[in-house]
Protein chains: 4
Amino acid sequence: MKEKRSIQRGQAKGAKNKAGIPPDNREKILATALTLFTERGFFGTPTSLISKEAGVATGTLFFYFPTKGKLIDTLYRRIKCEAAKGMCRDFGREKTALGKLRRIGLNAVGWGIENPARHKFMEQFAHSPFVSTTAHEEGMSHFLFLKELVGDGIREGTIRNIDPDLLFCMMASSLSGLIAQAYTEKDPSRRKKIIEEGLDFIFNGIKT
Amino acid sequence: MKEKRSIQRGQAKGAKNKAGIPPDNREKILATALTLFTERGFFGTPTSLISKEAGVATGTLFFYFPTKGKLIDTLYRRIKCEAAKGMCRDFGREKTALGKLRRIGLNAVGWGIENPARHKFMEQFAHSPFVSTTAHEEGMSHFLFLKELVGDGIREGTIRNIDPDLLFCMMASSLSGLIAQAYTEKDPSRRKKIIEEGLDFIFNGIKT
Amino acid sequence: MKEKRSIQRGQAKGAKNKAGIPPDNREKILATALTLFTERGFFGTPTSLISKEAGVATGTLFFYFPTKGKLIDTLYRRIKCEAAKGMCRDFGREKTALGKLRRIGLNAVGWGIENPARHKFMEQFAHSPFVSTTAHEEGMSHFLFLKELVGDGIREGTIRNIDPDLLFCMMASSLSGLIAQAYTEKDPSRRKKIIEEGLDFIFNGIKT
Amino acid sequence: MKEKRSIQRGQAKGAKNKAGIPPDNREKILATALTLFTERGFFGTPTSLISKEAGVATGTLFFYFPTKGKLIDTLYRRIKCEAAKGMCRDFGREKTALGKLRRIGLNAVGWGIENPARHKFMEQFAHSPFVSTTAHEEGMSHFLFLKELVGDGIREGTIRNIDPDLLFCMMASSLSGLIAQAYTEKDPSRRKKIIEEGLDFIFNGIKT
DNA sequence: GATGAATGAGGCTTCATTCAT
DNA sequence: GATGAATGAAGCCTCATTCAT
């Protein structure tokens, strides 16, 4: 029972692959987890599957993320941050708050369609108990400026005077619906049309 | 444990509901499952917890529902059906398709607020892999008439001429956002205001 | 992924064996755990081994003991209690505190030799962090009367006037050494001699 | 992390001990392991924790000790040896075997109190399966001369004529109890009293 | 000599499901 | 119909050990 201890274990694999580029297991795990969580949900995705698909050992996952929860938290934070960045492209160019908001909406739809897995992930875990409260708060923080923008627009007179919380909430949910719908249309020009119709739908409800 | 139950077969065993009919075990299980699935998710709710909270033995649950999957499927079907019924109250009274649609929207919000657990359940499992495809399809079927209604409205000229699928999809997601937002406001008159503003938002985007 | 759920699982085994006597899995588990913990230590004994040796499924162990820790706690409490009972046989017959104490010592050695696994278990886990503090306290409580007995003896004049805590502690450790030594001697009459010599050693140190 | 260490080979890298010689990694590991094994047990102490607390890399530990088992073995051998040396201080001065034995007992108690971690370690692993049989045997060998000493005393007439094995065993266990008890008393003079009372207890049982 | 990322067997525990009563 | 002890696959995570740098 004691001597059984010395089996062959551990097997340090070169930290770089043949091309000399570090494969970076941490990133491989994050990428794999994103796909799997999105496809199968949190509980539907065993850590063992994540590591297998990522091509690393089970232990490796836990070397980088002490807990399955920490893994999804990390993913959530990162994606929320990326989404916020994706939304903001060039929106400074617009003059009015309404213009900025529409630009942001357009960016959001574009980002969502280009990053379907990320978008689905965000949708799925937006209110999930598997993501920690602090991660949720941090994620939300990137979007708080939108409420201010809505406020600006109302003061400016370009945006209808409704409860900014309500407007924010409904705009977010409509955009999400729009992304989903636009994504199903693969033809570029028809997709573009859908996006514009959808944004019209939303901004008819928003603008004064 | 629990107070010994043994009176008469199919009889008493504790509280009767208002009608004096004992809520049979099947119903107790469904009601408990609704609450728990909503609060804790599918994988977060062991069948053992459902049966314990429902006050029945573990085996009893499996007598009525051979599988946990069948249980959530049953729940999903039933709630989708109830939701559809709830939306349709009095909508025949309205003359135009737009009027009908707005009535349905109002009903939907009302139903969602009065049945928060059911609403949350629907949201949560709307795209869930735990609900079978057939249950999803059956659930969807109750809402298909809405697309026709949108088509009617376009032909009628009361509804803007956008892709009905898109309109349906965005209306659904906006309503969902509105329910969530309205539910957070507990004051009746302020809540009413939010609902109206929200419906205006949506129908500004819809009407011609 | 969903349908995979319905594999053949669970396999209720008759609660009684052929003789009609309930095999009582709970007791089988306790007995097996006693042996294995004694032979291999707490961490050296996987729960899987306990259940295998006890002839039950892994789940069964956790049905009775929600935790490996609870299992060893239960064992500890029970054995401490048995040991205390074993020590007290007929000690009421003796007149003096010293006499009672010697009777108890004799009983203790006898019990330890007749129950070597239990004795070894007590020794091994007497100060173990795997046993909860409350179990340790409960275990200790059965032996507290001994300190009073020592106090009686000192007042009576039959026992030397040393710190009762010290006396108690040294008596306990000596007895333990005596049990170990006596157990190695299998010949009954030589064993008896060892026991008497050992008790003499101890009580020479104790009596006035 | 940690302060970069790189000066000169075998040099500095932080604190030097009294002799100005840097306690090399091997010693740091042994010292850390002693503390941790004592506080948390063998299985309760991951090698990773040992190396972290010792301020070395995981690999370093395995450079010096190919196995966790070899590490505890080394520790056990060393401590047993130190304990034996500690017991023997000045015992040559005594004339009779009884005197020598009492001197040894006194030294043993003193050593145990001054080296509580070492003492606890010895107690804890005295019968442990984690320490190899050969290490146990080697450890025991340092104490074999005591049996001869007992034999001498019996022949001499200063020690009671009991089975030397029994005497040795009981003396060892009593001393151990005494150390534990004395250690709890922090006041020097009261501690001294306890030690003397304890030794009296033991030697009343030993002397003729 | 030293480092620490990587490995994967194995440990504890959960839980859907069965079936004798 | 109802019960609940029993089952065992599978999940999350730990940790001794290795080896390229």
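Begin by selecting helix α6 of chain C: the elements that cover its buried residues include α1 (25-40), α4 (68-88), α5 (97-114) and α9 (164-184) of chain C. The model on the screen is predicted; local features need pLDDT of at least 70, side-chain atom pairs count only at pLDDT 80 or more, and totals for chains, interfaces and linings use all residues. Residues are numbered from 1 along each chain as its sequence is written, while chains are lettered from A and ligands numbered from 1 in the order in which they are written.

**Helix α6 of chain C**

Helix α6 of chain C spans residues 116-125, and C:Arg118, C:His119, C:Lys120, C:Phe121 and C:Phe125 are buried in it. Here a residue is buried if 20 or more other C-beta atoms lie within 10 Å of its own, exposed if 12 or fewer, and partly exposed in between, with C-beta atoms placed from the backbone. Helices (H or I, at least four residues) and strands (E, at least two) are DSSP runs numbered from the N terminus.

**Chain A as a whole**

Next, select chain A. Its secondary structure amounts to 10 helices and zero strands, in the order α-α-α-α-α-α-α-α-α-α along the sequence. Of the 208 residues in chain A, 34% are buried. Where contacts in chain A join residues at least 6 apart in sequence, 64% of them link residues at least 24 apart; two residues are in contact if their C-beta atoms, placed from the backbone, lie within 7 Å.

Colour chain A by domain: domain 1 covers 22-66 and domain 2 covers 81-206, with bounds from an automatic or database domain assignment. Taken over C-alpha atoms, the centres of these two domains of chain A are 29 Å apart. Five residues of domain 1 and seven residues of domain 2 of chain A take part in the contact. The side of domain 1 of chain A that touches domain 2 of chain A has three nonpolar, two polar and no charged residues. In this classification Ala, Val, Leu, Ile, Met, Phe, Trp, Tyr, Cys and Pro count as nonpolar, Asp, Glu, Lys and Arg as charged, and the others, Gly among them, as polar.

**Helix α10 of chain A**

Move to residues 188-206 of chain A. This helix, α10, has 19 residues and reaches 27 Å from its first C-alpha to its last, close to the 27 Å expected; the expected span is 1.5 Å times one less than the number of residues. Among the buried residues of α10(A) are A:Ile194, A:Glu197, A:Phe201 and A:Ile206. Their cover includes α5 (97-114) and α9 (164-184) of chain A, together with α9 and α10 of chain B.

**Chains A and B together**

Now show chain B beside chain A. The same surface serves both copies, since 100% of the contact residues of chain B recur in chain A.

At this interface, 24 residues of chain B are in contact with 26 residues of chain A. On the side of chain B that touches chain A, α9 (164-184) and α10 (188-206) of chain B each supply at least two residues. The largest share, 12 residues, comes from α9(B). By class, that side of chain B has 12 nonpolar, nine polar and three charged residues.

**The nonpolar cores**

Select A:Ala33, A:Ile72, B:Ala33 and B:Ile72, which have the most contacts inside the largest nonpolar core, a set of 95 residues. Such a core consists of buried Ala, Val, Leu, Ile, Met, Phe, Trp, Tyr and Cys residues joined through C-beta atoms within 7 Å. Apart from neighbours within four places in sequence, A:Ala33 is in contact with A:Ile50, A:Leu71 and A:Leu75. A second, separate core has 94 residues, including C:Ala54, C:Ala83, C:Ile179 and D:Phe121.

**Two stops on single residues**

B:Trp111 lies in helix α5 (residues 97-114) of chain B. B:Trp111 counts as buried because 20 C-beta neighbours lie inside 10 Å. Not counting residues up to four places away in sequence, B:Trp111 touches B:Ala83, B:Gly86 and B:Met87.

Finish at B:Asp90, in the loop between α4 (68-88) and α5 of chain B. Phi of B:Asp90 is near 60°, a positive value in a residue other than glycine. With 11 C-beta neighbours inside 10 Å, B:Asp90 counts as exposed. In chain C, C:Asp90 lies in the loop between α4 and α5, and C:Asp90 has a positive phi of about 60°.
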